[in-house]
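Please keep the sequence and the structure in view while reading.

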Amino acid sequence: MSFESFISMIGYLEGILFLKQPQYIVILIDGVGYQIEVSLNTFSELPREGEKISLHIYTYVKDNVLKLYGFNSLEEKRLFSTLIEIPGIGPKLALNILSRISPLEFKEILDKADLKRLKAIPGIGKKAAQRIWLELKDKRITPPQMVQAGEKGGTLKEDAISALINLGYQRQEASKAVDKAMSKFSKLPTLEDLIKETLRQL
């Protein structure tokens, strides 16, 4: 497995907060520093430099660009992943949105079709706000404190699909393979085991 493929499978990191900046942080793990971009919402909840930290990670790979994005909650990571699938909404703009709106607030915006609030975010014009609402109004945006234990399988599946997409597979192909791999387990597998089994199905 190449280094790029290994990095693209990172979904969670735990280590020491080595450097803390509003735009990015560095987590030190076994002598290696991982530079991770974070939203202001996540930044505001970070511990002090030198303290232990853990973050959910989304690995963005496109052309020659490889970046890590970190989130305090799975809800924020899911929303980020959903936003960057919308045409015209890249990681930078998605992170800007999450710096100003929490997942719970975002759900309220969708429910109320509050496009005015979306347009108040720098970089979001009328057309972009309409596109975001049209793309996401029928999707389930899980608010914090409402994730139930039974939903872990769904989160696991999405993380596995995300890893496979980063490895170059198409979403539909990856989704079918993950479903087939999930059926092989009698209990909820780890992400690593699920990815290994899925790769055997492809």
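## Burial and helix H3

A residue counts as buried when its relative accessible area is under 20%. By that criterion, helix H3 is mostly covered, with eight of its ten residues buried. The buried residues of H3 are Glu75, Glu76, Lys77, Leu79, Phe80, Ser81, Thr82 and Leu83. Across the chain, which has 202 residues, buried residues make up 41%.

## Overview and confidence

The model is a predicted one. Its secondary structure comes to ten helices and five strands.

The average pLDDT of the chain is 83, and 86% of the residues score at least 70. Confidence is highest in strand E2, at a mean of 96, and lowest in helix H1 (residues 3-8), at 51. Residues 143-153 have a pLDDT below 50, although in the model this stretch has 16 contacts beyond near neighbours in sequence.

## The barrel

Five strands form a closed barrel in the order E1-E2-E3-E5-E4, and their pairing is mixed. From one strand to the next, the twist averages 55°.

Strands E2 (residues 24-29) and E3 (residues 32-38) run antiparallel and are joined by six bridges. Within this pairing, Leu28 has Gly33 in E3 as its bridge partner. E3 also pairs with E5, but here the strands run parallel and three bridges join them. Ile36 stands opposite Leu68 in E5.

The antiparallel pair E4 and E5 is held by seven bridges, and Tyr58 has Tyr69 in E5 as its bridge partner. These two strands form a hairpin with two residues between them. In the turn, Asp63 has a positive phi of about 55°.

## Helices across the strands

Helix H3 (residues 74-83) lies across strand E4 (52-62) and strand E5 (65-71), and runs at about 10° to E4. Helix H4 (residues 91-98) lies across E3, E4 and E5, at about 15° to E5.

## The nonpolar cores

In soluble globular proteins, nonpolar side chains tend to be buried together. In this model, the largest nonpolar core has 26 residues. Those with the most contacts inside the core are Phe80, Leu83, Ile97, Phe106, Leu118, Ile124 and Ile132. At least two residues of this core come from each of E4, E5, H3, H4, helix H5 (103-112) and helix H7 (126-136). H4 gives the most, with five residues. Domain 1 (12-71) and domain 2 (74-137) each provide at least three residues of this core.

Ile132 illustrates how residues meet there. Leaving aside residues up to four places away in sequence, Ile132 touches Leu83, Ile86, Ile89, Ile97, Phe106, Leu118 and Ile124. Another core lies apart from the largest one and has 14 residues, including Leu13, Leu17, Ile36 and Leu46.

Terms used: Residues are numbered from 1 along each chain as its sequence is written. This is a predicted model: local features need pLDDT of at least 70, side-chain atom pairs count only at pLDDT 80 or more; totals for chains, interfaces and linings use all residues. Side-chain values use heavy atoms; hydrogens and water are left out. Two strands pair if DSSP finds at least two bridges between them. Helices (H or I, at least four residues) and strands (E, at least two) are DSSP runs, numbered from the N terminus. Axes are lines fitted to C-alpha atoms, for helices over the stretch in contact, and angles run from 0 to 180 degrees between N-to-C directions. Contact means heavy atoms within 4.5 Å. A nonpolar core is a set of buried Ala, Val, Leu, Ile, Met, Phe, Trp, Tyr and Cys residues joined through side-chain atoms within 4.5 Å. Buried means under 20% relative accessible area, exposed over 50%, partly exposed in between (1.4 Å probe, protein chains only). Domain bounds come from an automatic or database domain assignment. pLDDT is the predictor's confidence in each residue, from 0 to 100.
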